[in-house]
Structure formats: C-alpha cells, structure tokens
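Please keep the model open beside the text while reading.

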Amino acid sequence: MFAIIQTGGKQYRVQEGDVIRVESLAGEAGDTLDLTPIFVGGESALFGDAVSNYVVNAEVVEHGRGPKIYIRKYKSGVQYRRRTGHRQDFTAIKITGIKG
C-alpha cells in the first residue's frame, strides 16, 4: 500500500518504512506526526472523500540543511556581477504506517 501526501507545497509518494526529506516542519527528533493523504493506492485506488478516514503516521528523524546552491547574476557591459548562496532547511521523516 502506498499514499501520496502533500507538505511544503510538494507531493510525495510514500510507503511504510520510507525516509524522505521535506520542507522544514515543527517538532523535535523522535516526535510523531499525522499527515493526511490526498491519494491512497494499492489493491484499489482511493481519493477525494474516500481517503478522509486514512492517516499517514510519520516520525521526525532529524532536522538539517541541504547543500549550498550558488546564484550568479551578470550583465555584460556594465560591470554588474553578483553572487549569493542559499541553503534550504529540511526535516527528514520516516513513514511508520498508513492506517485507515
């Protein structure tokens, strides 16, 4: 059985035992989360009102920061050059179960 969850503006396909990195969520390592799926698949596909009684259980594994990404801006002829960097915060969660 698998489910599609939405968090941080992105959708993820998850199964029990998966560890995924999502946008930063509140909670300390070891805390449990209950996420609502938008689709549940397996032997039969469920979506819409049919998945309202399903819940995806997850556990926070760690918080961290992703790799640094450099942004460069350049305009020829006017000596305009800029370089900045960005590191996105993430939360690693482990899917412990899909129940419904």
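Predicted model: local features only at pLDDT ≥ 70, side-chain atom pairs only at ≥ 80, totals over all residues.

Which side chain meets glutamate 23 in a salt bridge?

1. The partner is lysine 10, whose side chain meets that of glutamate 23 in a salt bridge (2.7 Å, N to O); the term stands for a side-chain nitrogen of Lys or Arg within 4 Å of a carboxyl oxygen of Asp or Glu. Glutamate 23 lies in strand E3 and lysine 10 in strand E2, so the pair ties together parts that are 13 residues apart in sequence. Strands (E, at least two residues) and helices (H or I, at least four) are DSSP runs, numbered from the N terminus. Glutamate 23 is partly exposed, with a relative accessible area of 24%, and lysine 10 is also partly exposed, at 39%; here buried means under 20% relative accessible area, exposed means over 50%, and partly exposed lies in between (1.4 Å probe, protein chains only).

2. Residues are numbered from 1 along each chain as its sequence is written, and side-chain values use heavy atoms, with hydrogens and water left out.

3. The structure holds two salt bridges, and the other one to look at joins the side chains of arginine 65 and aspartate 89 (3.2 Å, N to O). Arginine 65 belongs to strand E7 and aspartate 89 to strand E10, so this pair ties together parts that are 24 residues apart in sequence. Arginine 65 is partly exposed, with a relative accessible area of 48%, and aspartate 89 is partly exposed as well, at 38%.

4. Threonine 91 is found in strand E10 and counts as buried, at 0% relative accessibility. Its side chain makes a polar contact with the side chain of histidine 63 (3.0 Å); a polar contact is a pair of N or O atoms within 3.5 Å, where, within protein, one must be able to donate a hydrogen and the other to accept it, and residues adjacent in sequence count only if both atoms are side-chain atoms. Leaving aside neighbours within four places in sequence, threonine 91 is in contact (heavy atoms within 4.5 Å) with several residues, including Ile20, Val22, Ser24 and Val60.

5. Serine 24 lies in the loop between strand E3 (19–23) and strand E4 (32–35), and at 46% relative accessibility it counts as partly exposed. Although serine 24 and threonine 91 are 67 residues apart in sequence, their C-alpha atoms are 4.9 Å apart in space.

6. What makes up the largest nonpolar core? This core has 17 residues, of which Ile5, Val14, Ile20, Val56 and Ile93 touch the most other members; a nonpolar core is a set of buried Ala, Val, Leu, Ile, Met, Phe, Trp, Tyr and Cys residues joined through side-chain atoms within 4.5 Å. Strand E1 (2–7), E2, E3, E4, E7 and strand E10 (89–99) each supply at least two residues of it. In soluble globular proteins, nonpolar side chains tend to be buried together.

7. An open sheet of four strands has the order E2-E1-E5-E6, with antiparallel pairing, where two strands pair if DSSP finds at least two bridges between them. Strand E2 (10–15) and strand E6 (46–47) stand at the edges, each with a single partner strand, so one side of each is left without a neighbour in the sheet. Two bridges join strand E5 (residues 37–41) to E6, and in E6 the bridge partner of valine 40 is leucine 46.

8. Strand E8 (residues 69–75) and strand E9 (residues 80–86) run antiparallel and are joined by seven bridges, with tyrosine 74 standing opposite arginine 81 in E9. They form a hairpin with four residues between them, and glycine 77 in the turn has a positive phi of about 85 degrees. Most residues other than glycine have a negative phi, yet the phi of glutamine 79 is near 55 degrees, a positive value in a residue other than glycine. Glutamine 79 lies in the loop between E8 and E9 and counts as exposed, at 71% relative accessibility.
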